[in-house]
Number of protein chains: 2
Amino acid sequence: MADRSTDIDRIMDPDSVAIVGASTDETKRGYQAIETLQEGGYEGDIYPVNPSADEIRGLEVYSTVSAIPGRVDLALIVTPAPIVPQILEDCADTDLAGAVVIAVGFGEAGEDGQELEDEIVSLAREHGIRLIGPNTSGLINVHRSLNLVGADTVPEGNLALLCQSGNMAISLFTEAATRAGVGFSHYVGVGNEADLQFHEYLSFFDDDPETDAIVCYVEGMSDGRAFLEQARDVTTDTPIVVLKSGRSDVGKRSASSHTGSLAGDAAVTDAVLEQAGVVSVERSDELLSVANALSSLPSADGENVAILADGGGHATLAADALAERGLAIPQLTDETQDNLQDVLPDAASVVNPVDVAGGTDEDQSVFVDCAEAMLADPNVDALMLSGLFGGYGIRFAEQYTDVEIEVADDLADLAAEHEKPLVVQSAYEGFDTDPHAVLRENGIPVVESLDVATASLEALATYGERVAAATESSDFQVIGTTDTAETISDALASGRTQLSEFESKQALSEADLPITPFELATSPDDARDAAASVDGPVAMKIVSPDIVHKSDAGGVALEVSTEAASDTYDDLLAAAHDYDPDSQIDGVLISPMADAGVELIVGVVDDEQFGPVIMCGLGGVFVEVLEDVAFRALPLTEADARGLLEDIDAQELFDGARGNPPVDRDAVVDLLVSVSEFVEANPSVSELDLNPVFATEDGVEVVDAAITLESDGTARVDGEAPISRGTTDD
Amino acid sequence: MADRSTDIDRIMDPDSVAIVGASTDETKRGYQAIETLQEGGYEGDIYPVNPSADEIRGLEVYSTVSAIPGRVDLALIVTPAPIVPQILEDCADTDLAGAVVIAVGFGEAGEDGQELEDEIVSLAREHGIRLIGPNTSGLINVHRSLNLVGADTVPEGNLALLCQSGNMAISLFTEAATRAGVGFSHYVGVGNEADLQFHEYLSFFDDDPETDAIVCYVEGMSDGRAFLEQARDVTTDTPIVVLKSGRSDVGKRSASSHTGSLAGDAAVTDAVLEQAGVVSVERSDELLSVANALSSLPSADGENVAILADGGGHATLAADALAERGLAIPQLTDETQDNLQDVLPDAASVVNPVDVAGGTDEDQSVFVDCAEAMLADPNVDALMLSGLFGGYGIRFAEQYTDVEIEVADDLADLAAEHEKPLVVQSAYEGFDTDPHAVLRENGIPVVESLDVATASLEALATYGERVAAATESSDFQVIGTTDTAETISDALASGRTQLSEFESKQALSEADLPITPFELATSPDDARDAAASVDGPVAMKIVSPDIVHKSDAGGVALEVSTEAASDTYDDLLAAAHDYDPDSQIDGVLISPMADAGVELIVGVVDDEQFGPVIMCGLGGVFVEVLEDVAFRALPLTEADARGLLEDIDAQELFDGARGNPPVDRDAVVDLLVSVSEFVEANPSVSELDLNPVFATEDGVEVVDAAITLESDGTARVDGEAPISRGTTDD
């Protein structure tokens with residue numbers, strides 16, 4: 001079998017293409033594909049393949065791919081689905097690197113389609129051929145004029161586009177066509193990801209000299225965990241921007257009827273992509289502008305943005321929009337303010353946001369003076385110029401255009417000199433003026449929408465932070481292969497997958513997690529002795545493999561005194577028997593009452609796209625009502641754990657609201673990392689639920705715990721390491 | 001004095017204009033203003049005014065306004081600020097209706113400027129002249145070709161623009177110039193609102209046949225309460241769309257340095273504007289598209305949107321974006337789904353969102369069949385067509401353009417027939433195609449951004465709801481003139497403005513609000529007797545005009561038994577003495593312990609822009625941490641109160657989270673309305689704080705209360721009714 005990474009190079013940048021299903025009918029894709037390649041100026045070899053034609057558009061037609069005399073890098077297969085297997089069979093002894101399978105009627109179309117998809121994947125692997133699709137709109141290498149999509153002209157540029165919807169691709173192409181300065185290096189319709197998956201394109205684009213940023217429109221990834229691993233490496237050099245659809249329940253329904261792909265929880269997706277250093281956008285109209293800004297600008301060292309506006313309205317709206325996105329609008333130094341005051345009229349505002357208040361109406365070079373002062377300010381990480389720049393020649397007097405061209409040059413130089421990103425928002429963007437062209441030539445994006453411009457600044461700030469954080473973040477490789485907790489091995493050995501609270505706490509205690517002390521009493525006397533050994537009243541809870549919701553069964557008693565413990569034991573057993581006469585009762589768990597504090601919930605789930613993911617958030621009634629929780633993919637570094645805590649909205653509760661002492665954050669961080677290590681060390685754990693966890697100034701205590709195991713006990717125990725969970729092709 | 005409403009007609013639609021400060025210098029505004037009027041084709045009389053010129057651009061120049069022989073409707077004053085008073089003096093005996101004062105250097109420039117501003121307002125009122133500005137960019141009546149701004153060509157259309165930033169106006173003009181189908185009837189730069197205020201333009205635009213919607217860019221209103229009153233009436237016929245800047249703290253800082261205007265809390269502004277039937281947008285790039293949609297489409301009867309997309313990507317993203325905005329994507333009826341299945345290929349999705357899956361590639365009239373079925377569906381209130389429509393002639397084959405033109409006509413007819421709004425999102429919007437032109441001619445907006453299109457649908461749905469709700473909503477007139485609560489009159493009589501908890505509860509009890517029973521004990525024996533008269537333990541709280549934060553002073557004891565009451569009385573007094581030896585102690589308040597339940601906070605504040613506003617939300621630690629509160633302007637109708645409760649995020653708490661019984665919403669609604677009536681009936685109340693309030697299945701109980709009065713006791717007690725608080729000119 002050929003080297004698969006070399007294959008991807010040959011597929012993405014082929015010297016020869018076979019069009020399988022070539023046609024003499026001008027209305028057919030099999031004709032148009034050849035026409036597009038010829039008229040577009042593709043300089044590689046084109047081999048039409050059709051058993052019943054001799055010549056199409058001046059090219060010799062071959063009956064099969066195997067009949068082609070030269071080496072073929074890539075085949076575009078435009079035949080109906082059922083014929084694809086025999087085409088791949090025919091390629092068995094060729095040196096074909098890959099095939100783009102346009103046809104629909106595969107996995108997205110139900111069971112029969114899935115069978116056919118499995119068949120072509122198996123044939124392709126057998127014969128060393130990589131597949132793009134099926135159910136794809138195709139592939140474009142813009143710089144090579146290789147257009148296998150039949151789309152309108154695609155503007156040339158430095159963005160690679162990975163897309164799960166052909167129409168979204170067309171939308172993005174038309175958007176780029178009407179917005180100067182944005183263009184593409186490659187387009188791949190990833191389709192059903194039957195063979196080649198999202199993540200496999202990333203390192204090709206990372207190495208591609210024509211690509212400066214990667215844009216992904218994702219409905220659902222078949223191997224999200226592999227994407228995280230790969231993205232983490234790629235994004236430090238080549239920013240990755242993702243628009244993930246199917247965020248809402250209805251959107252998910254639609255996405256799955258579209259490509260049959262998975263569509264996980266939006267909150268999980270956002271969190272793990274961020275963890276991997278990927279920039280997410282929520283709005284389709286921000287996608288290209290954000291990617292464009294990241295492709296040509298240095299990232300910001302922090303989130304402090306200075307605003308330079310030639311009007312109070314833009315100054316205020318820009319400040320609002322940036323603040324809404326969580327960016328800071330820092331005070332400028334006194335020196336900067338003095339410098340601004342020197343060049344601006346008295347009416348100007350020299351605090352951030354800066355409003356030149358007419359100071360540039362007659363001399364636009366004042367923008368340069370202002371930008372110079374602001375970019376030099378140590379409090380400033382990025383600069384936004386907002387208002388009318390580039391339109392003074394239209395707004396005021398034609399001769400200003402020449403001045404603005406010089407100013408544009410100077411602004412770009414200043415930004416380069418200070419290595420700080422500059423984003424220009426202009427009401428005149430749509431007029432495509434010369435000063436804007438100069439800015440763009442120098443890598444400074446010009447955006448019409450104030451809101452989209454602020455999205456770019458947010459991305460520049462967060463991307464910088466994420467790349468900086470990447471070295472301290474998870475490598476996304478879950479390496480455990482054998483369960484280390486004895487309680488878990490024992491449970492699996494006895495064929496059980498749901499551990500009782502007692503077993504769950506035993507397993508976690510073995511791993512030294514901070515569990516509230518507990519003792520299993522199996523008689524009223526036991527209960528009294530256990531209660532007596534505790535200072536103060538105790539909590540008593542029924543232990544039964546058959547009773548998951550202990551409170552519903554009347555199986556919980558709180559604040560029980562030593563004197564009452566033995567009677568309470570009997571009461572709990574009676575209540576459990578009433579609730580479910582057939583339930584097996586293992587006894588009663590006795591613990592001290594936990595210190596009140598901030599109530600948290602910590603959990604681990606196996607996300608269908610991204611594998612094991614940890615959640616932490618506010619517990620109690622508020623976990624359901626407010627859903628103030630945050631996520632990270634496992635394994636968790638300490639930095640990940642801190643970031644996870646910071647993502648919880650109600651930070652005031654940790655800092656000590658209403659005069660309460662602040663919570664011991666380090667203890668919570670330790671707990672989260674320990675949970676991560678526990679799950680890694682016990683690969684059979686598929687779900688884990690610590691609820692409640694109480695955090696106080698003195699530390700953290702897990703009061704209740706529940707662990708669920710994979711039913712076959714082999715979730716990640718298949719003898720190979722490292723293993724990515726959630727993959728579909730292993 | 002002339003009729004002021006007639007004045008506004010003469011100002012907005014003048015037959016004659018004086019240019020005061022006219023100039024022979026072509027670079028001056030005083031020359032360019034005349035040039036713009038002449039070249040724009042203004043057909044009214046133009047009178048240049050300048051004491052030292054004879055003729056400008058062929059027009060006779062007058063030395064003063066009073067020297068003009070004809071009647072002058074409007075004066076554009078382009079002189080420096082200090083000369084404005086003498087110009088107004090000169091107009092004393094003329095029939096001038098209004099003046100546009102361009103100059104800066106008034107209220108926005110500090111104290112001296114404010115003095116000058118007060119002077120010109122006083123002169124203008126004395127002489128019956130209304131003022132626009134000062135510090136305004138001017139006025140445009142597009143249909144009359146009256147352009148007093150000197151802006152670029154302003155696209156003609158049906159939107160009136162009220163704007164507090166000249167550069168924002170230019171941004172909106174350029175946006176309209178590059179987006180087909182959007183234009184303006186009038187523009188007013190409201191400037192400092194020294195005389196004419198935001199609300200005074202509304203009824204002119206409501207009556208104006210050229211105006212179908214009103215667009216406002218607001219930094220801060222000087223009389224927000226009057227705006228609410230006026231907007232409530234106007235918006236039922238003429239939708240009002242507001243972009244309010246200064247939402248963030250930094251934005252507020254910037255807004256006040258810009259126009260010196262107020263900028264209240266964004267949450268209050270959003271809530272009271274909604275209450276008045278005004279549509280707010282948060283993003284500047286949504287403003288025009290939303291107003292345009294409202295100006296030409298019927299509102300939606302509900303929030304159920306059907307999506308018709310020619311690609312799964314658009315279907316999914318549209319569903320996500322609509323759901324994110326709180327709209328519903330309803331199931332279609334079986335009949336609709338059958339009808340869709342009849343015309344669409346098998347691969348299509350006929351559940352909402354509908355994806356035609358290639359079904360329109362070769363015959364776009366299928367869109368008509370689909371739209372017909374979907375618009376007829378009783379589950380559907382509005383339709384969004386998303387994807388490539390209008391671009392099939394570009395994307396596939398030229399001849400499709402003619403088909404699309406017919407389809408556009410049919411779609412518009414169907415939407416009109418069903419009286420349901422249809423919004424078209426198309427990737428080809430920027431190509432300004434003929435099918436799009438046909439849609440626009442028929443009042444169907446075509447939008448490029450999917451996100452902006454969903455903003456329009458949200459506005460159509462919420463506007464419909466609001467107009468429907470308007471009849472049941474507040475009239476914003478707070479009518480009380482004399483305090484009715486004796487406790488309040490007594491406190492004012494004794495010169496006090498902060499009522500103790502005891503006094504606050506007395507005042508509220510007089511008005512029959514559901515206060516937890518309370519008794520004031522002034523001795524240990526009193527305390528014991530009071531506790532004995534209550535079933536169960538009691539709460540005891542110190543009563544002192546000098547101690548506002550009772551807990552901090554150790555002045556609160558909970559769960560006190562009858563036996564412990566007298567000792568506790570002594571303890572509380574001792575603690576209060578320790579806390580503040582000079583505090584006056586009136587006794588100890590004794591109440592039964594309140595039933596636990598959902599903890600709420602209810603408050604009234606006097607908002608600087610909008611006058612008295614009520615707040616209700618989650619109480620306890622979460623009011624500070626989560627700020628899950630909602631607002632309405634007083635007075636409150638029952639419908640307002642219900643809407644207020646529904647605006648609180650944590651609805652699950654009201655419905656009974658975690659198996660708790662649902663809260664008695666009616667009781668909470670009654671409480672809110674009673675609070676509103678109480679504040680109306682006691683105009684000296686400037687702040688009121690009920691915290692906590694416990695709501696249970698059995699009703700609602702106010703556990704603590706604090707009332708603050710206006711220091712001069714005459715906040716709204718000035719003998720005239722109805723009275724709007726917060727106005728600047730009464």
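Tutor: The interface of chain B and chain A

In this contact, 78 residues of chain B touch 78 residues of chain A, and the model in which they do so is a predicted one. The size of an interface is often given as the accessible area lost when the parts come together. Here chain B and chain A bury about 5,800 Å² between them, with 53% of that area on carbon and sulfur atoms.

The symmetry of the pair is the next point to consider. Two copies of a chain are related by a rotation about an axis and a shift along it. For this pair, a rotation of 180° with 0.0 Å of shift along its axis superposes chain B on chain A, with an RMSD of 0.1 Å, and that is the relation of a two-fold axis. The C-alpha of chain B nearest the axis belongs to Leu626(B), at 4.6 Å from it. The same surface serves both copies, since 100% of the contact residues of chain B recur in chain A.

Turning to the polar side of the interface, 22 residue pairs are in polar contact across it, both residues being at pLDDT 80 or more. On the side of chain B that touches chain A, at least two residues each come from helix H5 (166-178), strand E13 (240-244), helix H8 (249-259), helix H11 (312-324), helix H14 (392-395), helix H17 (450-470), helix H22 (621-626) and helix H24 (651-655) of chain B. Of these elements, H11(B) gives the most to that side, with ten residues. By residue class, the side of chain B that touches chain A divides into 31 nonpolar, 25 polar and 22 charged residues.

Six salt bridges are counted between chain B and chain A. In one of the charged pairs, the side chains of Asp451(B) and Arg283(A) meet in a salt bridge, at 3.8 Å from N to O. Both of these residues belong to a network of salt bridges that links Arg283(A), Asp285(A), Glu286(B), Arg325(B), Asp451(B) and Glu458(B).

Over all chains, the count of salt bridges comes to 68, and some pairs within a single chain can be set beside those of the interface. In chain A, Asp655(A) forms a salt bridge with Arg665(A), where the closest N and O atoms are 3.1 Å apart. Asp655(A) lies in helix H24 (residues 651-655) and Arg665(A) in helix H25 (residues 665-681) of chain A, so this pair ties together parts that are ten residues apart in sequence. Asp655(A) is partly exposed, with a relative accessible area of 45%, and Arg665(A) is likewise partly exposed, with a relative accessible area of 22%.

In chain B, Arg10(B) and Asp95(B) form a salt bridge whose closest N and O atoms are 3.6 Å apart. This pair links distant parts of the chain, with Arg10(B) in helix H1 (residues 4-12) and Asp95(B) in the loop between helix H3 (84-90) and strand E6 (98-101) of chain B, 85 residues apart. Arg10(B) counts as buried at 11% relative accessibility, whereas Asp95(B), at 37%, counts as partly exposed. Another pair in chain B joins Glu503(B) to Arg496(B), with the closest N and O atoms 2.5 Å apart; Glu503(B) counts as buried at 13% relative accessibility, while Arg496(B) is partly exposed, with a relative accessible area of 29%.

The backbone details remain. Most residues other than glycine have a negative phi, and most peptide bonds are trans. Against that background, the peptide bond from Asn691(A) to Pro692(A) is cis, with omega near 5°, and Pro692(A) is placed in strand E27 (residues 685-696) of chain A. A cis peptide bond also joins Asn352(B) and Pro353(B), with omega about 0°, and Pro353(B) lies in the loop between helix H12 (334-343) and strand E16 (354-355) of chain B.

As for phi, Asn135(A) has a positive value of about 60° although it is not a glycine; this residue sits in the loop between strand E7 (130-132) and strand E8 (139-141) of chain A, and counts as buried at 18% relative accessibility. Glu419(B) has a positive phi of about 50°, and it too is not a glycine. Glu419(B) is found in the loop between helix H15 (400-418) and strand E18 (422-426) of chain B, and is exposed, with a relative accessible area of 61%.

Definitions and conventions: Residues are numbered from 1 along each chain as its sequence is written. Chains are lettered from A and ligands numbered from 1 in the order in which they are written. This is a predicted model: local features need pLDDT of at least 70, side-chain atom pairs count only at pLDDT 80 or more; totals for chains, interfaces and linings use all residues. Side-chain values use heavy atoms; hydrogens and water are left out. A salt bridge is a side-chain nitrogen of Lys or Arg within 4 Å of a carboxyl oxygen of Asp or Glu. Helices (H or I, at least four residues) and strands (E, at least two) are DSSP runs, numbered from the N terminus. Buried means under 20% relative accessible area, exposed over 50%, partly exposed in between (1.4 Å probe, protein chains only). Copies are superposed by least squares on the C-alpha atoms of residues with pLDDT of at least 70 in both. Contact means heavy atoms within 4.5 Å. Buried area is the accessible area (1.4 Å probe) that two parts lose on being put together, summed over both. A polar contact is a pair of N or O atoms within 3.5 Å; within protein, one must be able to donate a hydrogen and the other to accept it, and residues adjacent in sequence count only if both atoms are side-chain atoms. Ala, Val, Leu, Ile, Met, Phe, Trp, Tyr, Cys and Pro count as nonpolar, Asp, Glu, Lys and Arg as charged, and the others, Gly among them, as polar.
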